[in-house]
Amino acid sequence: MSIIHDLTQRLEDNREKIRLWMEKKRSKIPIPIYGSVDIRDAGWKVAVVDANHFPAGFNNISTEDEPHLAALLKNHINRKHEGCTWVHLYPESHTRNPGYVENVATIKRLIKLAGFRCTVGSPELEGHGSLDGISGPLRLDEVEVDGEQLLVEGERPCLVLLNNDLTEGMVAGLGAHQVSPPPHMGWQRRRKSEHYRCLQNYVDEIAEILEIDSWHLITSWFVSEDKCLEKETCRQILASEVDEFLARISAKYDSLGIEREPVAFIKNDRGTYGLGIMAVTSGEELLNLSNRKFKRLMYSKGGVDVENFLIQEGIPTSMNTDDGAPVEPVVYLVDGEAASWFYRINSKKGEMENLNSPSAEFKPYSEVGTQFGEHAHGWHALIAELSMLAMGAESQNQLEG
């Protein structure tokens with residue numbers, strides 16, 4: 001069933017109206033310098049299933065896209081940080097993850113291509129002269145904290161570009177700097193559910209322009225708060241909530257003739273890297289989990305306790321390789337614009353499963369775009385750019401809150 005794909009011409013017919021709408025919305029919020037989104041395309045629904053404010057996969061983008069990405073970075077920095085000549089890149093402390101190191105090396109290359117001086121490092125990485133990436137070592141610069149500021153080789157950079165999601169809390173030395181993305185968007189404060197609250201408003205408006213049901217452009221979701229899953233009563237309440245949620249989705253499927261069993265993904269409402277995620281088809285399935293699986297559900301990056309869960313409608317992917325491996329597009333955006341794609345492929349997973357696991361491989365648009373990119377510049381771009389609007393709205397809400 002390809003309800004959304006069949007409406008592609010309607011999307012194209014409204015392209016100018018959407019462009020003007022997008023321009024107006026972007027003028028009202030702080031558009032993020034960069035971001036990435038995971039998209040699921042089921043044919044009858046195209047939706048963002050995860051949105052990252054501190055993207056960690058720039059190394060997977062097509063090299064052909066780098067000049068455009070650099071130009072967008074240049075425009076954003078010049079507009080938001082007038083007079084900036086030096087960008088310091090503050091990374092995570094993943095010293096043993098060559099893929100992540102390569103991501104940082106790619107961002108550094110893009111910043112330099114945009115015409116800025118770029119240094120890399122953090123106090124946490126002090127003592128490491130370099131980190132091993134996929135293509136070779138990444139040199140680190142000496143960074144120290146001096147009160148509320150960072151000094152790099154004894155001098156103060158114009159702008160600190162965070163590529164650290166702050167799951168483990170705020171880092172020292174940023175108070176006196178211009179910082180992008182803003183630290184208040186780190187996982188020490190941000191919640192996934194807030195993204196979907198903001199996104200729902202934008203999706204509803206776009207759906208009205210396109211005269212379609214907004215259900216087709218966003219995953220159904222709710223938040224289960226303060227669930228102490230080590231207690232049986234808390235597990236029973238969560239199971240009941242999941243059953244009610246699945247019943248609503250099932251009724252919607254029946255009304256549209258979608259013949260499949262709904263699935264609920266249970267996620268930590270904060271955090272990243274695919275940790276603390278589980279899929280169930282009933283509340284009973286949740287109750288029957290072993291203690292080991294419950295602990296896995298409650299595990300979070302950095303050992304941070306899981307307090308709230310985002311319950312999200314599972315969306316199957318209709319995109320597959322020739323040998324049947326499921327595929328999902330990952331869109332990378334700079335200055336709010338969908339600027340580069342790659343595809344997450346996982347032959348060890350099914351069409352409904354979380355593909356973000358060690359068995360995943362990544363193919364850039366330049367290699368497989370003709371196979372998987374039919375809708376890349378239509379629905380996928382639209383959904384990704386709506387997600388960036390939602391991130392900007394999240395940031396605005398944090399500032400006002």
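## Close-up views of a predicted model

Leucine 333 stands opposite alanine 338 in strand 16. This is a predicted model, in which local features need pLDDT of at least 70, side-chain atom pairs count only at pLDDT 80 or more, and totals for chains, interfaces and linings use all residues. Residues are numbered from 1 along each chain as its sequence is written, and side-chain values use heavy atoms, with hydrogens and water left out.

**View 1. Strand 15 and strand 16 form a hairpin with 2 residues between them.** Strands (E, at least two residues) and helices (H or I, at least four) are DSSP runs, numbered from the N terminus. Strand 15 and strand 16 are paired in the antiparallel sense over 8 bridges; two strands pair if DSSP finds at least two bridges between them. Aspartate 335 lies in the loop between strand 15 (327–334) and strand 16 (337–345). Phi of aspartate 335 is near 55°, a positive value in a residue other than glycine. Most residues other than glycine have a negative phi. Is aspartate 335 buried or exposed? Aspartate 335 counts as buried because its relative accessibility is 15%, where buried means under 20% relative accessible area, exposed over 50%, and partly exposed in between (1.4 Å probe, protein chains only).

**View 2. Glycine 336 lies in the loop between strand 15 and strand 16.** Its relative accessibility is 0%, so glycine 336 counts as buried. Which residues touch glycine 336, leaving aside its neighbours within four places in sequence? Glycine 336 is in contact with Arg26, Ile31, Pro32, Glu385 and Met388, with those neighbours left aside; contact means heavy atoms within 4.5 Å. Glycine 336 and glutamate 23 are 313 residues apart along the chain, and their C-alpha atoms are separated by 10 Å.

**View 3. Strand 16 also pairs with strand 17 (residues 361–364).** These two strands run antiparallel and are joined by 4 bridges. Phenylalanine 342 has proline 364 in strand 17 as its bridge partner. Strand 16 is mostly covered, with 8 of its 9 residues buried. In a regular strand the side chains alternate between the two faces of the sheet.

**View 4. Isoleucine 315 is found in the loop between strand 14 (309–313) and strand 15.** Isoleucine 315 counts as buried because its relative accessibility is 3%. When neighbours within four places in sequence are left aside, the residues in contact with isoleucine 315 are Arg40, Ala42, Lys45, Ala47, Val49, Thr219, Glu351 and Met352. Isoleucine 315 and aspartate 243 are 72 residues apart in sequence, and the distance between them in space is 17 Å, C-alpha to C-alpha.

**View 5. Strand 7 (residues 143–146) and strand 8 (residues 149–152) run antiparallel and are joined by 4 bridges.** Aspartate 146 stands opposite glutamine 149 in strand 8. The hairpin of strand 7 and strand 8 has 2 residues between the strands, and glycine 147 in this hairpin takes a positive phi near 65°.

**View 6. Serine 180 and proline 181 are joined by a cis peptide bond.** Omega of this bond is about -10°. Most peptide bonds are trans. Where does proline 181 lie? Proline 181 lies in the loop between strand 10 (178–180) and helix 5 (192–210).

**View 7. Glutamate 211 lies in the loop between helix 5 and strand 11 (221–224).** Glutamate 211 has a positive phi of about 55° although it is not a glycine. Its relative accessibility is 66%, so glutamate 211 counts as exposed.

View 8. Of the 401 residues in the protein, 57% are buried. Among contacts between residues at least 6 apart in sequence, 70% join residues at least 24 apart. The protein exposes about 17,100 Å², and carbon and sulfur atoms supply 45% of this area; accessible areas come from the Shrake-Rupley method with a 1.4 Å probe, and for residues only the protein chains shown count as cover.
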